[in-house]
Amino acid sequence: MAMVTEAKVNGSELESPAELPPALAEKPAGLPPGKYVLVGWDMDTTGRRLIDEICQIAAYTPKQTYSQYIMPYGDLNPGARRRHNVRVVTVGRYRMLKDTNTHKILKTKSEISALSDFLDWLEKEKGDGRVILIYHEPRRLSPTMLLEALTKYKLLDRFKTIVAGFTDSYALAADKCKSTVKSVSLRVLARVLLDADSLSVDSALDRATAAYRIVEHLAQGEQQEVGAGGEGGSDLVETARTWARPVHTELDALAALKRLLERQNTFRPVFAPLLRSARPERKRVTQLRRLLADAGLLYDQLKDAWQDQKLEGLEKQLESLTISAKEEDIKELIEIFDCHFDPAKEPKGPKLRVPRNILRATSSAGETGEADGSTSESQNSSPHNSPNKTTNNDVAAAGDPSQKVAAPEAVAAN
């Protein structure tokens, strides 16, 4: 059941439930009654793909905090460097993690060592109960990345004995505050609910703290007990429990994401060359590729259909996209695949769409030719000037090893 019919993410209206971010696609199932301990939690990563690494993991309770930087094997992509203000530097023969604000070298551990320490810390905090991790994210990618890392180091079974589930404060705020705020980003909620006008969201610890306090504030408002709550407040625990997703639900989401990425990667012969283009074209490619993967299509199916019936075969295979895709998207995919399979035709890339507001500004200026040139330039340079708009594109490319990260992401993990 869809939670809301409209949401605003990065300034764009989402008008149908199919376009909602995963955090809002359906209401969490909740956890059974029991004894739970709430912990705010977040991570910094080298990117927003499933294969990316953790570079900081942090947690918060009103009494204790945990924060540990991790030395990744790979470098952070440009979007991650801007979001987290850290980067990998080489000093002599050694690679180190450096804070780009203070220019100080950060103390790091290996990923397996940091995850083991994190589980030790959670075990001390949970006592004789179980932990609910509170985080704030529209894409629900952080839990899947954490579970993937725990699986890699054979720590998942231990994690499941400690943690009962995850509560996304983004989904809770979208439901409770939809009539009062248009955006439920962490910065907006901190300013409106917590009176924090200058909240820093660069660090995972800052975001973990803010996520916990947002749930605490909303739980107090729901029970009309301002000043109550806290770590032991029954209203806070009940709210977090009701809006939690069990660990097995996130594991199912991880398995579904891997299947989606496997289907998506079958289209590498078509889309891999296009992913080396500029960011606007790359973003459009990931959207088209995601439509095919969501429909359950494979590259070999389309290839066989074209060999048997040419364009008619492609049209029959892509009929399943009519529910989730627009007619112009389907026509564009047919053209791309027809040119790819036909050696007599030159391969074609995606057609970019110029926003209507830019077209109106161009026509009102009366300098169409000059304005078009400036529009293209601004589109190519805008990601560098707007770091807050890089997250969704990073998520859309999650898990695609073919994408070379020359500029920030996008998921296949919608």
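The structure is a predicted model, in which local features need pLDDT of at least 70 and side-chain atom pairs count only at pLDDT 80 or more, while totals for chains, interfaces and linings use all residues. Residues are numbered from 1 along each chain as its sequence is written, and side-chain values use heavy atoms, with hydrogens and water left out.

**Confidence**

- The protein averages a pLDDT (the predictor's confidence in each residue, from 0 to 100) of 80, and 77% of the residues score at least 70.
- Over residues 1-18 the pLDDT is below 50, and beyond near neighbours in sequence this stretch has 42 contacts (heavy atoms within 4.5 Å) in the model.
- Residues 361-414 also have pLDDT under 50, and the model gives them 125 contacts beyond four places in sequence.
- Where pLDDT is low, the predicted coordinates should not be read in detail.

**Helix pair α13 and α14**

- Helices here are DSSP runs (H or I, at least four residues), numbered from the N terminus.
- The axes (lines fitted to C-alpha atoms over the stretch in contact, with angles running from 0 to 180 degrees between N-to-C directions) of helix α13 (residues 299-317) and helix α14 (residues 327-341) come within 10 Å and cross at roughly 100 degrees.
- The two helices α13 and α14 are therefore roughly perpendicular to each other, a term that covers angles of 65 to 115 degrees.
- From α13, Y299, L302, K303, W306, L311, L314 and E315 meet I334, F337, D338, H340 and F341 of α14.
- By class, the contact of α13 with α14 has eight nonpolar residues (Ala, Val, Leu, Ile, Met, Phe, Trp, Tyr, Cys and Pro), one polar residue (the others, Gly among them) and three charged residues (Asp, Glu, Lys and Arg).

**Helix pair α3 and α4**

- Helix α3 (residues 111-126) packs against helix α4 (residues 141-152) at an angle of about 105 degrees, with their axes 10 Å apart, which makes α3 roughly perpendicular to α4.
- E111, L115 and L119 in α3 meet L146, A149, L150 and K152 in α4, and by class this contact has five nonpolar, no polar and two charged residues.

**Cysteines and N265**

- The structure holds zero disulfides, a disulfide being a pair of cysteine sulfur atoms within 2.5 Å.
- C55 is buried (under 20% relative accessible area, with a 1.4 Å probe and protein chains only) at 1%, and C177 counts as buried at 4%.
- The C-alpha atoms of N265 and A293 are separated by 8.9 Å, with the two residues 28 residues apart along the chain.

Technical notes: Buried < 20%, exposed > 50% of the residue type's maximum accessible area, 1.4 Å probe, protein only. Parallel < 35°, antiparallel > 145°, perpendicular 65-115°, else oblique.
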